[in-house]
Amino acid sequence: MSIRNLVARLRADYPSVDAVTVEVTVRTAYDVFHRARVRAYVPILVERRSRRVLGAACPTAPGQAIDGGAAAAGPEPDAAVRAGAGGRWMLRRPRKRARSGL
């Protein structure tokens with residue numbers, strides 16, 4: 001994936017954000033990973049970082065309604081599950097209890 005392709009996709013997803021801002025955001029995200037040893041995941045990490053920054057700058061991020069996404073949010077998770085990274089549902093792991101020193 002090239003920078004141009006990512007910038008084009010993000011410009012389509014965030015039309016209210018200036019094109020220069022999108023490109024600077026992507027290039028800045030690439031600069032963070034310029035010394036990464038494992039280069040295979042850099043494009044994915046750059047896209048995620050760029051989307052997070054642009055989502056904070058854009059009042060209506062992709063997939064959200066203007067009212068904050070309440071209508072499109074879907075069912076609320078019960079106590080056993082929560083939304084994890086990438087919006088996937090994950091089971092909660094029980095917390096380990098601290099042992100007393102007695």
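## Starting from Thr25

Leaving aside its neighbours within four places in sequence, Thr25 touches Ser50, Val53 and Leu54. This comes from a predicted model, so please read the values below as computed ones.

Where does Thr25 sit? Its place is in helix 2, which covers residues 19-32. Is Thr25 buried or exposed? With a relative accessible area of 12%, Thr25 is buried, because the cut-off for that word is under 20%.

Neighbours within four places in sequence aside, Leu54 is in contact with Leu10, Tyr14, Val17, Val22 and Thr25.

Leu54 also belongs to the largest nonpolar core, which has 14 residues. The members that touch the most other members are Leu10, Tyr14, Val17, Val22, Val26, Val46 and Leu54. Which elements give two or more residues to this core? They are helix 1 (3-13), helix 2 and helix 3 (42-57). Helix 2 supplies the largest share, four residues. As background, nonpolar side chains in soluble globular proteins tend to be buried together.

## Helix 1 against helix 2

Two packed helices are described by the angle between their axes and the distance between the axes. For helix 1 and helix 2, the angle is about 130° and the axes are 10 Å apart. The two helices are therefore oblique to each other, since an angle over 145 degrees would be needed for roughly antiparallel. Helix 1 passes helix 2 in a right-handed crossing.

On the helix 1 side, the contact is made by Ile3, Leu6, Val7, Leu10 and Arg11. Helix 2 brings Ala19, Val22, Glu23, Val26, Arg27 and Tyr30. Sorted by class, this contact has eight nonpolar, no polar and three charged residues.

## Helix 2 against helix 3

Now for the other pairing of helix 2. The axes of helix 2 and helix 3 cross at roughly 135° and come within 9 Å, and that angle makes helix 2 oblique to helix 3. The crossing of helix 2 past helix 3 is right-handed.

Which residues meet here? Helix 2 contributes Val22, Thr25, Val26, Ala29, Tyr30 and Val32, while helix 3 contributes Val42, Pro43, Val46, Arg49, Ser50, Val53 and Leu54. By class they divide into 10 nonpolar, two polar and one charged.

Note on methods. Residues numbered from 1 in each chain as written. Predicted model: local features only at pLDDT ≥ 70, side-chain atom pairs only at ≥ 80, totals over all residues. Heavy atoms only, no water. Buried < 20%, exposed > 50% of the residue type's maximum accessible area, 1.4 Å probe, protein only. Contact = heavy atoms within 4.5 Å. Core = buried A, V, L, I, M, F, W, Y, C linked by side-chain atoms within 4.5 Å. Axes fitted to C-alpha atoms, helices over the stretch in contact; angles between N-to-C directions. Parallel < 35°, antiparallel > 145°, perpendicular 65-115°, else oblique. Left-handed = near helix turned anticlockwise from the far one by under 90°. Nonpolar A, V, L, I, M, F, W, Y, C, P; charged D, E, K, R; others polar.
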